[in-house]
Amino acid sequence: MANGSERGWKQNPIIGIAAIAVLVIALVLILSRVRCGGGGGATAEPTAKLTVACAACQHLYEVGRADIGCSPTDDDEIFRVKAMQEAKCPKCGHKGAVIAFTCKKCGKPFAPPQSSKASKDFKCPHCGKSPWLK
Ligand SMILES: [Zn+2]
Ligand SMILES: [Zn+2]
């Protein structure tokens with residue numbers, strides 16, 4: 001019984017899986033193709049150093065491209081992703097970090113709040129003001 005309605009059901013998951021596969025392939029293509037110059041800011045210099053915050057102890061430190069095995073020509077986006085995975089905290093040795101935010105008020109980097117809820121009342125550790133607005 002209910003053979004007719006089952007037919008439609010069987011097609012849907014396949015379409016879903018195909019859509020996901022296409023998405024994954026597109027993502028891999030974007031990630032693997034280090035956009036050479038890309039569109040827009042062709043003269044923009046690649047970021048040489050990033051300020052990151054240790055995911056374990058919130059210690060702020062800088063990572064250079066060479067520190068994490070990133071080539072100078074790699075896209076900034078790749079540098080950022082790699083930094084988050086490969087950066088090793090000089091204080092506690094933890095591997096893994098988050099990109100530090102910059103305070104709009106005093107311009108100093110700080111470890112981002114750990115939840116969006118906490119970010120509402122978040123105060124800059126340097127100037128004590130809300131870092132989101134100028
Ligand atoms: Zn640490
Ligand atoms: Zn500040």
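This briefing walks through the fold of one protein chain, from its overall layout down to single residues. What you see is a predicted model, where local features need pLDDT of at least 70, side-chain atom pairs count only at pLDDT 80 or more, and totals for chains, interfaces and linings use all residues. Residues are numbered from 1 along each chain as its sequence is written, while chains are lettered from A and ligands numbered from 1 in the order in which they are written.

**The overall layout**

- The chain has three helices and five strands; helices (H or I, at least four residues) and strands (E, at least two) are DSSP runs, numbered from the N terminus.
- Follow the sequence along and you get the pattern α-β-β-α-β-β-β-α.
- Out of 134 residues, 13% count as buried. "Buried" means that 20 or more other C-beta atoms lie within 10 Å of the residue's own, "exposed" means 12 or fewer, and "partly exposed" is in between, with C-beta atoms placed from the backbone.
- Take the contacts in the chain with a separation of 6 or more: residues 24 or more positions apart account for 48% of them. Two residues are in contact if their C-beta atoms, placed from the backbone, lie within 7 Å.

**The sheet**

- Three strands make an open sheet in the order β2-β1-β3, with antiparallel pairing; two strands pair if DSSP finds at least two bridges between them.
- The edge strands, β2 (60-64) and β3 (97-99), each pair on one side only.
- From one strand to the next, the twist averages 45 degrees. Axes here are lines fitted to C-alpha atoms, for helices over the stretch in contact, and angles run from 0 to 180 degrees between N-to-C directions.
- Helix α2 (residues 76-86) packs on the sheet and touches β1, β2 and β3. The direction of α2 makes about 150 degrees with that of β3.

**How the strands meet**

- β1 (residues 49-54) pairs with β2 over five bridges, and Val-52 has Tyr-61 in β2 as its bridge partner.
- β1 and β2 form a hairpin with five residues between them, and Gln-58 in the turn has a positive phi of about 65 degrees.
- On to β3: three bridges join it to β1, and Cys-54 stands opposite Ala-97.

**The nonpolar core**

- A nonpolar core is a set of buried Ala, Val, Leu, Ile, Met, Phe, Trp, Tyr and Cys residues joined through C-beta atoms within 7 Å.
- The largest one has 14 residues, and those touching the most other members include Leu-50, Val-52 and Ala-53.
- β1 gives this core its largest share, four residues.
- Leaving aside neighbours within four places in sequence, Ala-53 is in contact with residues including Gln-58, Leu-60, Ala-97 and Pro-112.

**A residue on the outside**

- Ala-66 sits in the loop between β2 and α2.
- Ala-66 counts as exposed because it has 10 other C-beta atoms within 10 Å.
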